[in-house]
Amino acid sequence: MAIELHTWNTPNGRKISVALEEMELPYTVHTVDISKGEQHQPAFLAISPNNRIPAIVDPDGPGGTPISVFESGAILLYLGRKTGKFLPDDPRAQVPVLEWLMWQMGGFGPMPGQVHHFLTVENEADRRYGLERYLKETNRLYGVLDRRLAKVEYVAGDAVSVADFAIVGWAWRHERHQIDLANHPNVRRWYDAMMARPGTRRGFEVALN
Ligand SMILES: N[C@@H](CCC(=O)N[C@@H](CS)C(=O)NCC(=O)O)C(=O)O
């Protein structure tokens, strides 16, 4: 049975459409228009108590009964375990996947997200302060990623993993957070390779709004 994907056209939402496409799982899109406040509706809060997209409902959860999952990192791990794809079982091979997934969740998302926010702030002094602070941090994070990708093909090593899906969701908006990938050539190489993957491309093309 198809997984329900409750989402909107944002970087965090795209992580999961990319993962579902890459894993070739059947799913249906249920849009939650966050610009209209639909994330506060009781039916959505029942599966996503933090009123944020994305969330999923898997009718065939563990034990054959339905389960809902919120937080994109938790969803990626759930789907990786469910399918056995893009999440190695071997504890040593799994560590870098977890490291880079947590790195994304803690920084490479919240920081560029602040850039997106401060770009819209009208007060000149506030906007300047916020942009200076968060552009610097976002640029630092791209530098960390670039150094990592100078050593490995994909973020967790030789193979594509759920960590790549998490990171590409945000890298997709690099122009909006004012990052020039020409300054991060290893990120450029990886980003182009990810975007050339049919599953990833479908994940970015599917209508989410
Ligand atoms: N840590 C959460 C963050 C999700 C998140 O920030 N979602 C945004 C859209 S990208 C949202 O739903 N915002 C609605 C709101 O702020 O009320 C995750 O990774 O799932």
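Helices (H or I, at least four residues) and strands (E, at least two) are DSSP runs, numbered from the N terminus. Axes are lines fitted to C-alpha atoms, for helices over the stretch in contact, with angles from 0 to 180 degrees between N-to-C directions. Do keep in mind that this is a predicted model, where local features need pLDDT of at least 70, side-chain atom pairs count only at pLDDT 80 or more, and totals for chains, interfaces and linings use all residues. Residues are numbered from 1 along each chain as its sequence is written, and side-chain values use heavy atoms, leaving out hydrogens and water.

**The helix pair**
- Helix α1 (residues 11-22) and helix α7 (residues 162-171) have axes that come within 8 Å and cross at roughly 135°.
- Contact (heavy atoms within 4.5 Å) involves, among others, Val-18 and Ala-19 of α1 and Phe-165 and Trp-170 of α7.

**The sheet**
- The strand order is β2-β1-β3-β4 in an open sheet of four strands with mixed pairing; two strands pair if DSSP finds at least two bridges between them.
- At the edges sit β2 (27-31) and β4 (67-70), each pairing on one side only.
- On average, neighbouring strands of this sheet are turned by 20° against each other, direction ignored.
- Strands β1 (residues 3-7) and β3 (residues 55-58) run antiparallel and are joined by three bridges.
- Glu-4 has Val-57 of β3 opposite.

**Helices on the sheet**
- Lying across β1, β2 and β3, α1 runs at about 155° to β1.
- Helix α3 (residues 72-83) packs on the sheet and touches β1, β3 and β4, its direction making about 135° with that of β4.
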